[in-house]
Amino acid sequence: MSKLKAQIKLMPVHVLILCIVNFLSLVAMFIPMFELSVQYLTRKVYSNFTLLIDSKLHIALRSNTVDLNFLSVGAIAFVATIIVSVAALTLSLSYNLYSGNKAKRRLGFIAIAVLLVFRGLLHMYVLSNMITQNTLDEQGMTAQTLYATQNLVGNILVLLIFIGIVAAVYGALDLKMHLKLLSYPYMAWIVVFTILPLLLIGFRAFFAETSGGYTFTLQGFDVLFENKTVTTDFYGMRVTLQEYFSVFLRSLDYGVWTTIGCLIIGYPIAYIVAARTKKMHKNSNVLLVLLVLPMWMNTMLRTYAWRALLSKAGIINTLFMEWGWIEEPILFLKNPVLSDILTKLVMINDFLPFMIMPIYTVLLKIDHSLIEASQDLGASAAKTFTKVTLPLSLPGVISGIQMVFMPSLTFFMIPDILSEGSITTIGQTVQSFILNESKAYQQAGNVLSLMLLIFVLFTMRILRNQDKDANAGGMVL
């Protein structure tokens, strides 16, 4: 036992991970992870071991009976899993025997990776072959009334196998542990879930799906820029604009005012909390929790709470009428001016933490000796703020603007809920286009998304340039 402990101490971290993963993979054979559901109810939970020793199942239903036998699936899975798991665990524990030779070490890790992949395939084999189409036909049931799924343990096993494969590939490539490696999963995430979808949007903006494949077309642009105008009230003026430009202008109005409102309210709050944090560390944590607490609640629930507060039969109207202040309910959400103002206030309330946190972080890092130096040179408190604190906090302000303006520009949940669908925003327009059955409108949705992306990138470029200027400008006393 002591010899084994000594060998384990000499193992690198990724080899220890492989040992743990392969050991748990072997133990998982005896842990129930496959759930059998019959008539929408979970009837039994199986492991690889119980599939073998308790393979027959008889369930009497009202209309018929279900007779299942998992012996063949269980026997194949049990024997193959033992061989694969034991082989992978043995290779992992024997690392010190072949670690001195680079070629053998690489071959060993490749073998472990292959065995782990095979272990994952065996798991999926059991899951997919417990209930096959032939089984459904024999039992006279459907995939909705007779099916097998994996439970939480099965999900964890799949995750462990994936981690083991990553560790084996890491060893096979003979990589060295350094901080740069931590960025690779993030880079992969960005490529798969950000760059590829954006490329797909760009492709679908110019190519439409036809029976013969994809054909280049500009129908989406025709739909988006068709000569269709609407007349709307904009700050008390009746203006006639192209339909979708009017929608974009309204969304831009919401985004700009939300950002301005968050900045006006958020900067003083961040300044006060940061100043308090430097003096009293314990009490400042409570203030931060109170600021972040609204973010823990779902946005839709918060918005419906505002609607319940401001509606015709809401709390405010009810109290005002009981106190005798008004005779009839105030239509907060029906009056165009009041509805517009309240919608912007609710959006400011929703995005405010995103403005406070980056400004607070930057203010907290400002060296207090710079402020003391400014005061020693005769600057007043106001001048110290405008010439020292504000310029040094501009990176946080710009980050807050980016975090608020970009999402609020395309955000449509709050205006849609408060106006009961009477206000159309750019985000809502994109959604309606994409969900439309017409190919031309679907392409128009991608075109509009692409144009919004270009606008956002252009805006971010301007803000980034401002951030560089703020960092390069320094202080002026």
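Which residues make the nonpolar surface patch of about 690 Å²? In this predicted model, the patch is formed by Trp-189, Val-191, Val-192, Phe-193, Ile-195, Leu-196 and Leu-199. One of these residues, Trp-189, sits in helix α9, which spans residues 183-206.

Helix α11 (residues 243-279) and helix α19 (residues 426-435) have axes that come within 8 Å and cross at roughly 135 degrees. On the α11 side, the contact involves Tyr-244, Val-247, Phe-248 and Ser-251, which meet Ile-426, Thr-429 and Phe-433 of α19. By class, the residues of this contact comprise five nonpolar and two polar, with no charged residue.

Side chains of opposite charge can pair when their charged atoms come close. The structure holds four salt bridges. Lys-44 and Asp-54 form a salt bridge in which the closest N and O atoms lie 2.4 Å apart.

Finally, Phe-411 is worth a look in the loop between α17 (381-410) and α18 (413-418). Setting aside neighbours within four places in sequence, Phe-411 is in contact with Thr-299, Met-347, Phe-351 and Thr-425. Phe-411 and Ala-308, by comparison, are 103 residues apart in sequence, and their C-alpha atoms are 21 Å apart in space.

Terms used:
Residues are numbered from 1 along each chain as its sequence is written. This is a predicted model: local features need pLDDT of at least 70, side-chain atom pairs count only at pLDDT 80 or more; totals for chains, interfaces and linings use all residues. Side-chain values use heavy atoms; hydrogens and water are left out. Axes are lines fitted to C-alpha atoms, for helices over the stretch in contact, and angles run from 0 to 180 degrees between N-to-C directions. Helices (H or I, at least four residues) and strands (E, at least two) are DSSP runs, numbered from the N terminus. Contact means heavy atoms within 4.5 Å. Ala, Val, Leu, Ile, Met, Phe, Trp, Tyr, Cys and Pro count as nonpolar, Asp, Glu, Lys and Arg as charged, and the others, Gly among them, as polar. Patches are made of residues with over 30% relative accessible area and no salt bridge: like charges are joined within 9 Å, nonpolar side chains (Val, Leu, Ile, Met, Phe, Trp, Tyr) within 5 Å. Accessible areas come from the Shrake-Rupley method with a 1.4 Å probe; for residues, only the protein chains shown count as cover. A salt bridge is a side-chain nitrogen of Lys or Arg within 4 Å of a carboxyl oxygen of Asp or Glu.
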